[in-house]
Amino acid sequence: MRIGVLTAGGDAPGLNAAVRAIGRSALAEGHDVIGVHDGWAGLIGTPNTYALDRASLAGILPQGGTILGSVRFDLDHPDGGRDRVLATINDHFDALIAIGGDGTLNVARWLADHGAPVVGVPKTLDNDLAATEYCIGFDTAVGVVAEALDRLHTTAASHHRIIVVETMGRATGWVATLGGLAGGADFIVIPEFPVTIDAVEAHVRRRHSAGSSFSIVVVAEGVTLASFGSAEPDDAPVDQLGRVQLARRSVGHHLAEELERRTGFDTRTAVLGYVQRGGTPSAYDRINATRVGAAAYDAVRAGLFGSVPILRGGEIECVPLADVTATVKVVPREIYDLATRFF
Ligand code: F6P
């Protein structure tokens, strides 16, 4: 078989572990493994690909990013086109494994619904894919946030400051909540459970009255400015898919300025940004990216097209692509409540 592999959407630590697992599993059984450059863009017209062999897959397990490259590409754009990708897959591959988040897996689902031999792999450090307990990159991002909070605690304490820490996460607060829990945040604001600035201010004041001269407040990038009583900017820049670039709205700066204005406490902002996405994957991400990558190859070999391996109850199983893309998985109340118990 000629098996294509691509990574699409934002990169995440652990992508290379999945590519390696797919590639080495397939090579061991005598198949050709074709790496597609830059996600769906690499399948428009003549495929932009290269053969993956043992040498090109060597040493990539601990590497961040993706050796295949990744771009956000609008397939509904006139120059793009799902039909063109469909034709390329049917002409050049016996199977294609697409590693990505909701956007990528929605396209994979469309392609499979139109007869293409496609299998998905769940990746997003936002951790918002439904059905699966594992998405490539999330564990590493949570570790980065926890370590950042450890570091920010000492400087916040030394200078008696509030530090507002903005995390990634798009529409959900997974990275903020679990990173904040692991790093001992003093307040966490996420889109799922909006709070007013009055509530954050009251909490910080209570801490100060009780003798703590500093506070670490974590806010997820997707929190609306409206929840703080401010208007969203009309001219917020959008990405290649027309989605607002959430980090450019500066919700962390906004919250920090407002807290400082109201309380008079010296306040700073730390936007963790792409540091959460870059660099070496955690051991957990390496292990589970390997598990879902190997399972995706097994699904191809078994002809289970239109499916995606997920983690459920500690076990890997294959479910229809529709199961992971149907809804956005939000932070459940009990996890958020657990984090807030220690504020
Ligand atoms: O979806 C993953 C993610 O890292 C989000 O958390 C973030 O909003 C977005 O990607 C940033 O994407 P880009 O690489 O297009 O700036």
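Ala, Val, Leu, Ile, Met, Phe, Trp, Tyr, Cys and Pro count here as nonpolar, Asp, Glu, Lys and Arg as charged, and the others, Gly among them, as polar. This is a predicted model, in which local features need pLDDT of at least 70, side-chain atom pairs count only at pLDDT 80 or more, and totals for chains, interfaces and linings use all residues. Residues are numbered from 1 along each chain as its sequence is written, and side-chain values use heavy atoms, with hydrogens and water left out.

Start with the largest pocket. Its volume is about 940 Å³. The lining counts 41 residues, and Gly10, Arg72, Arg170, Asp239 and Arg243 are the closest to the pocket centre. By class, 16 lining residues are nonpolar, ten polar and 15 charged. Helix α4, residues 102–113, gives the most to this lining, with five residues.

The ligand sits in this largest pocket (more than half of its atoms lie within 2 Å of the pocket's grid points). Around the ligand are Arg72, Asp126, Met168, Gly169, Arg170, Glu221, Tyr274 and Arg277 (each has a heavy atom within 4 Å of it).

Now look at the polar contacts (pairs of N or O atoms within 3.5 Å). Arg72 places a polar side-chain atom 2.7 Å from a ligand oxygen. For Tyr274, a side-chain N or O atom is 2.4 Å from an oxygen atom of the ligand. Gly169 uses its backbone: an N or O atom there lies 3.2 Å from a ligand oxygen. Taken alone, the ligand exposes 400 Å², and the protein buries 83% of that (Shrake-Rupley method, 1.4 Å probe).

Terms used. Polar contact = N/O pair within 3.5 Å; in protein donor to acceptor, adjacent residues only side chain to side chain. 1 Å grid on protein atoms, 1.4 Å probe; cavity = no way out; pocket = protein on both sides within 12 Å on 5 of 7 lines; lining within 4 Å. Points joined across faces, edges and corners; volume = space filled by probe spheres on them. Helix = DSSP H or I, 4+ residues; strand = E, 2+ residues; numbered from the N terminus.
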